[in-house]
Amino acid sequence: MTQGKTQMSQGAFASLRYRKSRDRVIEFILLLAGLVAVFTTVAIVFILFYESSYFFDHVSVKDFITDTMWTPLFADARYGIMPLVAGTLTVTAVAILVAIPVGTIIAIYLSEFAPHKLRETVKPILELLGAVPTVVYGYFALLMVTPLLQEIWPDLPGFNMLSAGLVIGLMIVPYVASVSEDAMRAVPKYMREGSYAMGATKMQTALRVVVPGAFSGLAAAYILGISRAVGETMVVAIAAGMMANLTFNPTEPAATITAYIVQVSLGDLPHDSIGYQSIFAAGLVLMLMTLVLNVIGFFLTRRFREAY
Amino acid sequence: MAATALTLEQIRHGLSWRKQLDKVFIAIGLALLFGCLGILAILFFDLVRDGSSRFGWDFFTSFPSRKAENAGILSAAVGTMLIMVVTALVALPVGVAAAIYLEEYAPKNWFTGIIEINVTNLAGVPSIIYGLLALGLFVYQFNFGQSVLTAGLTLALLILPIVIVATRESLRAVPRAIREAAYGLGATRWEVTKDHVLPYSTGGILTGLILGLSRAIGETAPIITIGALSFIAFLPPSPVSGEFPFLNFEWLMSEFTAMPIQMFNWVSRPDQAFQANAAAAGAILLGMTLAMNAVAIWIRYRFRKKISW
């Protein structure tokens, strides 16, 4: 009887040892899955530098930054990134001029003024709008918004940055509104109540207590919105034209960094040509731009984080 | 004396003016909210109306064609479905495993911090950058070619942060007490996770996967970058065959086209007739994304109702 018991517990110990070592193997496999994220980041950086090194063997970094012409597909190829950066910045500027004011006001309204039921209905709709494929928004920009704008300005070209920027702005409004609203909801209720007790109205409370209190979240929402506009591809590729054009005038057609990458990918350049490899150099610039934005966002949120 | 300079009348006046401002703000807020939703609703309505002439059996069963009225989305729809299968089969296990590691196993140290920063950061990388990564890595280095496999892997990497974040959230929602009870009975960490934590978070994980796939299905830029063709008049080899071993994986290496690429191709043609095709493809794509989101919301609701702690 006693012997049987010992044997059983020995068996239990063996099985425990087996289960524990199995646990260690599984933990290692799970860790590998977690490392996929690190690996992806490293691979992005490595691939962009590695592939664009071929490009920079033929084009000096100085020409790349200072030349004002971008014509890799022409016989007389010039490789100055400025026109593409200008196009990207112009489209982004139009987009955020729409998205930040509209998104913020909608967020303030939803968070501070809207009845509970309306907010609960609208929030999922805003999140749903974030899932609409961007190629559909491109269709809107080219075939609906541009003709509409042409009725106001008859000499607006068929491809222009204005309509692309406006549609991107409209596209990121739900996103900015939704993230900003979350940030404002996170401001504790007692701060609002303190303000009401001092005789402030809802709007004074919203603008002077809630918005400053939610500043870090709002900054993060704006930065994420800008970063989306900078990286947006299909709307500009469809509606803004694909000719590099050094201008900050939104009514002109121009290519952005992303539109250029699409243009080359669709073309029939041989893969080992400098023209083709130039998309990696363009991608590197795009990644640096979004990286700078993310870093600014990171420090803004740290700098202004309110401790409640 | 100066303190009483404000008369009751003036205070009342100031107050009523400030209350008026409140109402003005509400009006502006409502106008912008419904203005935006309204414009989007009109655009979606127009899209469906422009494409309505093309909806029909032929549109789904025809290959692309030089004549707009003969062109259809057969190869694009099949391509999209195959890519989604690859994406889901890769993103689900890797994403869930990574989330389990971060939530249940990882010690709190700088190393875990690096993984977490990477996940957050990857969510903000523009999708076209993933396309360049895939071109450099999968196409040039691994020689996977411009295939269904390359596209599926690319989109899997793209939606990995979405799956990881959703899974972590649903793992975190499982109360500590359930884990403690299982540990108390002698279960190892993996047994606790597999038998107790995971079953409770299935709903959240599925929701995250479907939301991720609904993002992937509309992604155009990364697939264009790896070099997908827009004129594909054949289907990839069938994954099921009548002869032994009944399954084959040639379709993984097949060239392909996908719904958003087909739509992009039709939009960029100047011919009006093709724009009706683009609208129809866009409406179908939109319908697919909205349907997937609806399913995700329904699953979340079902599981939330079924579980009470």
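About 50 Å³ of space sits in the largest cavity. Keep in mind that this is a predicted model.

**The cavity**
- The structure has 1 cavity of 30 Å³ or more.
- From chain A, the residues lining the largest cavity are A:I106, A:L126, A:L129, A:L170, A:V173 and A:P174, while chain B brings in B:L33, B:C36, B:L37 and B:L40.
- Elements giving two or more residues to that lining are α4 (116–129) and α6 of chain A, along with α1 of chain B.
- The largest share, 4 residues, comes from α1(B).
- Sorted by class, the lining has 10 nonpolar residues, with no polar and no charged ones.

**The nonpolar core**
- The largest nonpolar core has 189 residues, and those touching the most other members are A:Y137, A:Y139, A:F140, A:I257, A:I279 and B:I83.
- Helix α3 (residues 74–105) of chain B gives the most to this core, namely 16 residues.
- Leaving out residues up to four places away in sequence, A:Y137 touches A:L129, A:V132, A:V167, A:M171 and A:V235, plus B:L40 and B:F44 from chain B.
- Two of those contacts, A:L129 and B:L40, also turn up in the lining of the largest cavity.

**Helix α8 of chain A**
- This helix covers residues 202–213, and its buried residues are A:M203, A:Q204, A:T205, A:A206, A:V209, A:V210, A:V211 and A:G213.
- Within chain A, the buried residues of α8(A) pack against α3 (82–113), α6 (161–185), α7 (189–197) and α9 (215–231).
- They also pack against α1 (8–51) of chain B.

Key
Residues are numbered from 1 along each chain as its sequence is written. Chains are lettered from A and ligands numbered from 1 in the order in which they are written. This is a predicted model: local features need pLDDT of at least 70, side-chain atom pairs count only at pLDDT 80 or more; totals for chains, interfaces and linings use all residues. Side-chain values use heavy atoms; hydrogens and water are left out. Buried means under 20% relative accessible area, exposed over 50%, partly exposed in between (1.4 Å probe, protein chains only). Contact means heavy atoms within 4.5 Å. A nonpolar core is a set of buried Ala, Val, Leu, Ile, Met, Phe, Trp, Tyr and Cys residues joined through side-chain atoms within 4.5 Å. On a 1 Å grid over the protein atoms alone, a cavity is a set of points where a 1.4 Å probe fits but cannot get out, and a pocket is an open set with protein on both sides within 12 Å along at least five of seven lines; lining residues have an atom within 4 Å of a point. Grid points are joined across faces, edges and corners, and a volume is the space filled by probe spheres set on the points. Ala, Val, Leu, Ile, Met, Phe, Trp, Tyr, Cys and Pro count as nonpolar, Asp, Glu, Lys and Arg as charged, and the others, Gly among them, as polar.
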